[in-house]
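Here are a few notes to read alongside the model.

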Amino acid sequence: MKLNRIASLFALAGLATGCGGALISNQQEKQIGAGVDEQIEKEYRILAASDPVSKWAVDFVKPFSNASKAFRPPSEFGGYKVEVIADDALVNAFAAPGGYVYISTGLIKAADDCAEIAGVMGHELAHVTERHSARQLEKAFAAQLVSDFFLEDGLTKTAAETIFGFLQATKFSRDHEREADAVGLQISHDAGYDPDGLARFFQKLLKQGGSPPEFLSSHPATDDRIKDVRAAIKKRYGSKPGGSKSCRTSMKLPQIKAHLSGGKSRTTTRKKVSLKWLREREAHARR
Ligand SMILES: [Zn+2]
């Protein structure tokens with residue numbers, strides 16, 4: 001990502017005067033998601049759609065899609081698209097605008113039960129239902145620049161790289177994190193899972209010590225945050241919120257982990273392209 005370009009975009013954004021309403025339409029949010037997805041597929045190894053764990057992930061997200069309707073109908077952005085990143089060292093999940101959701105094999109392996117994965121999934125989908133990334137983009141970029149991002153049928157190539165770089169470099173605010181926790185626990189509960197999964201997952205990662213896993217660095221967990229999540233669960237559902245700890249899918253967590261450890265995972269044939277290579281290619285094209 002070209003930092004000087006980001007800096008100049010921010011400078012221009014500073015000139016923007018306040019304007020009400022959403023700058024980025026649902027259709028544009030979908031296009032942004034597709035552009036970011038292309039960048040992600042260049043940077044990460046993704047499990048092939050035919051891999052059993054990819055199929056499981058698609059199954060797993062179905063009840064979440066229904067449960068999140070109360071906050072924002074997924075039809076607004078064409079439904080959720082879930083992919084599994086094949087990286088055991090990465091403990092992370094993230095959501096891009098337009099309902100693109102990614103979960104790493106490292107996170108699946110770190111989870112002790114499916115309610116923990118469900119907690120993370122609910123939280124990530126809440127970032128989409130509440131339009132957190134879209135709102136960050138609206139705040140950072142001037143209206144004219146936002147409209148310049150789009151061609152008739154999608155993002156310009158430069159815009160896709162700029163937005164991806166921006167989203168990678170920008171953390172969610174504390175307020176957005178809090179909102180994603182509150183909405184996410186309702187989504188995971190309504191999807192049929194024990195909503196305490198998110199708190200337990202945070203707690204476990206915190207206890208591990210050492211350098212924090214990526215999920216914590218992009219979604220900082222503190223004892224206060226865990227307390228807030230538990231207080232919200234108690235207030236909403238009482239001391240026995242119920243919900244499943246095991247996966248509500250035909251493939252259960254032990255089978256999923258066994259498949260991931262069995263060395264038979266199929267990944268996309270797309271070559272891993274480093275961002276450095278992309279930068280150099282871009283520089284070359286500009287000469
Ligand atoms: Zn978050």
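1. Start with the outward side of helix α13: the face turned away from its buried side carries Pro254, Ala258 and Ser261, which are exposed. Keep in mind that this is a predicted model.

2. Leu253, Ile256 and Leu260 are the buried residues to look for in α13, which spans residues 253–261. Looking down the helix axis, the buried residues sit within an arc of 60°, so they line one face of α13.

3. What covers those buried residues? The cover includes α3 (52–67), α4 (105–110) and α5 (114–129). After α13 comes Gly263, with a positive phi near 70°.

4. Next, strand β1 (residues 81–85). The strand is largely enclosed by the rest of the structure, because 4 of its 5 residues are buried. β1 pairs with strand β3 (residues 100–104) in the parallel sense, over 5 bridges. If you want a spot to check, Glu83 has Tyr102 of β3 as its bridge partner.

5. On to the largest nonpolar core, which has 65 residues. The members that touch the most other members are Ala57, Val61, Val84, Val101, Ile103, Leu107 and Leu125. Helix α5 gives this core its largest share, 9 residues. As general background, nonpolar side chains tend to be buried together in soluble globular proteins.

6. Leaving aside residues up to four places away in sequence, Val101 touches Val61, Tyr80, Lys81, Val82, Ala95, Glu124 and Leu125.

Conventions:
Residues are numbered from 1 along each chain as its sequence is written. This is a predicted model: local features need pLDDT of at least 70, side-chain atom pairs count only at pLDDT 80 or more; totals for chains, interfaces and linings use all residues. A residue is buried if 20 or more other C-beta atoms lie within 10 Å of its own, exposed if 12 or fewer, and partly exposed in between; C-beta atoms are placed from the backbone. Helices (H or I, at least four residues) and strands (E, at least two) are DSSP runs, numbered from the N terminus. The arc is that of the directions from the helix axis to the C-beta atoms. Two residues are in contact if their C-beta atoms, placed from the backbone, lie within 7 Å. Two strands pair if DSSP finds at least two bridges between them. A nonpolar core is a set of buried Ala, Val, Leu, Ile, Met, Phe, Trp, Tyr and Cys residues joined through C-beta atoms within 7 Å.
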